[in-house]
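Colleague: I am new to reading models like this one. Can we go through it step by step?

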Amino acid sequence: MVPKLGCLSSSAEEEDKSKSSKDDAETNSKIPIVYRHEYGVRFCGLQKLHPFDAAKSINIFKLLKAGGFIEEISQIHRPRQITDDELLEVHTKRYLESLKWSLNVAKIAEIPPLIFVPNYFVQRAYLKPMRFQAYGSLMAAECALASPSGVGWAINLGGGFHHCSSDQGGGFCPYADITLTVKMILSSGRGIERVLILDLDAHQGNGYARDLIDNKSTYILDMYNYRIYPRDQEAKIAIRLAVELKPHTDDQEYLQKLRKSLFRAFEEFQPNFLVYNAGTDILKGDPLGLLDITPEGVIERDAIVFRMTREKGISLVMLLSGGYLRSSARVIADSILNLQKEGLLPLHH
């Protein structure tokens, strides 16, 4: 069984465990945002060989501070690294062992020169930040589940590694945080029996789909550009509602299809928790997503999701997933600030 994860008691790996009771007492005073500075990937410049904005999470946090949503980092939840034992709840031992070879990590990160980088440096510069982000997804879900009202929300300023399955990584995704998060939610003891995975990244989410292909307690709604990576036909079998988009789909068509398909998913499955993979690689100009959604379209997309979950009375966790424009951080921060403005992020719920 996936370990039960306290919302605050594991807020930082290096913090003294004696602080946990104090942290628990402060649960309701913290904003359900999960982040720490160590999310940033640094390869001494090598990260620039991949279009992924390795500083996206850091920049979002700074913009949320500038926008007045967060004043101090002590107001939010700070995850520790996920452990190998926790990863083994989903991953095979063979897969985790494979990450000790720079060649294998280079393929996952899509940065070929990593082949020549000593693995201890690859572990520290790339895999360690991803382990913080992976635990951040679990922590965010736990925070949403712990809401006193029973209708909670939380946002991990990272995670959403939807191309990683139990025995294979890819597409810059080294750990299966979505599979882990879903399994933790279903085994949380809080009566969650049906989890809807809403994947709005521009790419098909094939990792968790492969892991959950026979799981009747999950429903996958995936909207993606069907002409780009990964084109995984085997994983597609697990998608209950696939909305395949053509390249350069615009706001009007995208938002119309989202409203229609999300309503259908709620009607068909009646979920009591939603895992929202909120990729911003749908933005116009993104070099990998190849869709034409404007910043305003992304902001409206997120508002639709949060508004519908609140209307249905269910909790959700939001993971950031892909987004390969430098402007992506600004769009995400603006979207979160808009959700606050619209009253969709109640802090005392």
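Colleague: Is Tyr126 buried or exposed?
Modeller: This is a predicted model, so every value here is computed from it. The relative accessible area of Tyr126 is 0%. The cut-off for buried is under 20%. So Tyr126 is buried.

Colleague: What about Phe172, buried or exposed?
Modeller: Its relative accessibility comes to 5%. Buried means under 20%. Phe172 therefore counts as buried.

Colleague: How many aromatic pairs does the count give?
Modeller: Rings of Phe, Tyr and Trp pair if their centres lie within 6.5 Å. By this rule, the count is four aromatic pairs.

Colleague: Which kind of aromatic pair do Tyr126 and Phe172 form?
Modeller: Their centres are 5.4 Å apart, and the angle between the planes is 55 degrees. Planes under 30 degrees apart count as stacked and over 60 as edge-to-face. Between these limits the pair is called tilted. So Tyr126 and Phe172 are tilted.

Colleague: How many residues apart are Tyr126 and Phe172?
Modeller: Tyr126 sits in helix H6, residues 119-145. Phe172 sits in the loop between strand E2 (153-156) and helix H7 (177-186). The pair links distant parts of the chain, 46 residues apart.

Colleague: Why is the pair of Tyr219 and Phe269 tilted?
Modeller: Tyr219 and Phe269 are both buried. Their ring centres are 5.3 Å apart. Because the planes stand at 40 degrees, the pair is tilted.

Colleague: Which parts does that pair tie together?
Modeller: The two parts are 50 residues apart in sequence. Tyr219 lies in strand E4, residues 218-225, and Phe269 in helix H10, residues 251-269. So the pair ties E4 to H10.

Colleague: Which residues do ring pairs link into a cluster?
Modeller: Here ring pairs join residues into a group. The cluster consists of Tyr35, Tyr39 and Phe61.

Colleague: How is H11 oriented to H12?
Modeller: The axes of helix H11 (residues 295-312) and helix H12 (residues 328-341) come within 9 Å. They cross at roughly 40 degrees. Under 35 degrees would count as roughly parallel, and 65 to 115 as roughly perpendicular. So H11 is oblique to H12.

Colleague: How many nonpolar residues does the contact of H11 with H12 have?
Modeller: From H11, residues including Val298, Ile299 and Phe306 take part. H12 brings Val331 and Leu339, among others. Two residues of the contact are polar and two are charged. The nonpolar ones number seven.

Terms used. Residues numbered from 1 in each chain as written. Predicted model: local features only at pLDDT ≥ 70, side-chain atom pairs only at ≥ 80, totals over all residues. Heavy atoms only, no water. Phe/Tyr/Trp six-rings, centres within 6.5 Å; stacked < 30°, edge-to-face > 60°. Helix = DSSP H or I, 4+ residues; strand = E, 2+ residues; numbered from the N terminus. Buried < 20%, exposed > 50% of the residue type's maximum accessible area, 1.4 Å probe, protein only. Axes fitted to C-alpha atoms, helices over the stretch in contact; angles between N-to-C directions. Parallel < 35°, antiparallel > 145°, perpendicular 65-115°, else oblique. Contact = heavy atoms within 4.5 Å. Nonpolar A, V, L, I, M, F, W, Y, C, P; charged D, E, K, R; others polar.
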